[in-house]
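Open the model in your viewer and keep the selection panel handy. The tour goes stop by stop, with something to select at each.

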Amino acid sequence: SILASDVTNRVATFVVYTLTARYLGTLEFGIVSLGLTLFHMFQILATAGLRTLIMREVSKEVGKSKAYLVNASVVVSITSLVSILSMNVLAVLLQYSESTLYVTFCLSLGILPYSLSMVCDAIFQGREKMHLIAFSNLLTSLIKVGLILVLFLQGLTLLDLALLISFVHG
């Protein structure tokens, strides 16, 4: 299930990159690539290394799943806000163009939902319900790729793409 989930996410990301290059061009592709690179870098900080801890502790005591869900959600909410702020400050300090700053800001908004979904994934793994992770990732990837393809055919812009990715990236 975990392998299927990872493969699904990577294929969806590849398709999004391919569609971006095809429909928006090389400059916009570069901006999205930079924004997603920053996103991935700062999402690591936002999750605060809790995934393994949550999985291990939930597998030991399944009855404490709710407590781990609540406590970890609070922690990653705080660390996500710090990551969002840090990502945007870095983009400003590096003096990126206005469109790059906007894309970076839009993508940074996806850090919080990603971090919260990571907490849920860790709890599912601790409870040995990995098939639920694979199912949700497959569904999310299909929706993301389908929406992006349809919207590109309708004239999706770079800024629209950044907002869309930020809300369905997890």
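**Stop 1: Phe 152**

Select Phe 152. Leaving aside neighbours within four places in sequence, Phe 152 is in contact with Leu 19, Thr 20, Tyr 23, Leu 24 and Leu 161. Contact means heavy atoms within 4.5 Å. A note on the numbers before moving on: this is a predicted model, where local features need pLDDT of at least 70 and side-chain atom pairs count only at pLDDT 80 or more, while totals for chains, interfaces and linings use all residues. Residues are numbered from 1 along each chain as its sequence is written, and side-chain values use heavy atoms, with hydrogens and water left out.

**Stop 2: the cores**

Which residues have the most contacts inside the largest nonpolar core? Select Met 87, Leu 107, Ile 111, Ile 148, Phe 152, Leu 161 and Ile 165; the core has 26 residues. A nonpolar core is a set of buried Ala, Val, Leu, Ile, Met, Phe, Trp, Tyr and Cys residues joined through side-chain atoms within 4.5 Å. Buried means under 20% relative accessible area, exposed over 50%, and partly exposed in between (1.4 Å probe, protein chains only).

Now colour by element. Those giving two or more residues to this core are α1 (2-24), α2 (26-47), α4, α5, α6 (111-126), α7 (130-153) and α8 (158-168). Helix α2 gives the most, with 7 residues. Helices (H or I, at least four residues) and strands (E, at least two) are DSSP runs, numbered from the N terminus.

Next, pick out Ile 54, Ala 72, Met 118 and Val 119. They are among the 9 residues of a second, separate core.

**Stop 3: α4 against α5**

Show residues 65-93 (α4) and 98-108 (α5). The two axes come within 9 Å and cross at roughly 170°. Axes are lines fitted to C-alpha atoms, for helices over the stretch in contact, and angles run from 0 to 180 degrees between N-to-C directions. Helices α4 and α5 are therefore roughly antiparallel to each other. The cut-offs: under 35 degrees is roughly parallel, over 145 roughly antiparallel, 65 to 115 roughly perpendicular, and the rest oblique.

From α4, Ile 84, Met 87, Asn 88, Ala 91 and Val 92 meet Leu 101, Thr 104, Phe 105, Leu 107 and Ser 108 of α5. This contact divides into 7 nonpolar, 3 polar and no charged residues. Here Ala, Val, Leu, Ile, Met, Phe, Trp, Tyr, Cys and Pro count as nonpolar, Asp, Glu, Lys and Arg as charged, and the others, Gly among them, as polar.

**Stop 4**

Not counting residues up to four places away in sequence, Ser 83 touches Phe 42, Leu 45, Ala 46 and Ile 111. Leu 85 is exposed, at 57%. Draw a line from Leu 85 to Ala 67: they are 18 residues apart in sequence and 27 Å apart, C-alpha to C-alpha.

**Stop 5**

Go to Thr 47 in α2. Thr 47 is buried, at 12%. Beyond four places in sequence, Thr 47 touches Val 76, Tyr 114, Ser 115 and Met 118.

Jump to Ala 134 in α7. Ala 134 is also buried, at 15%. With residues up to four places away set aside, Ala 134 touches Ser 1 and Ser 5. The C-alpha atoms of Ala 134 and Arg 10 are separated by 13 Å, with the two 124 residues apart along the chain.

**Last stop: cysteines**

Select Cys 106, buried at 1%. Then select Cys 120, partly exposed at 33%. How many disulfides does the whole structure hold? The search finds 0, a disulfide being a pair of cysteine sulfur atoms within 2.5 Å.
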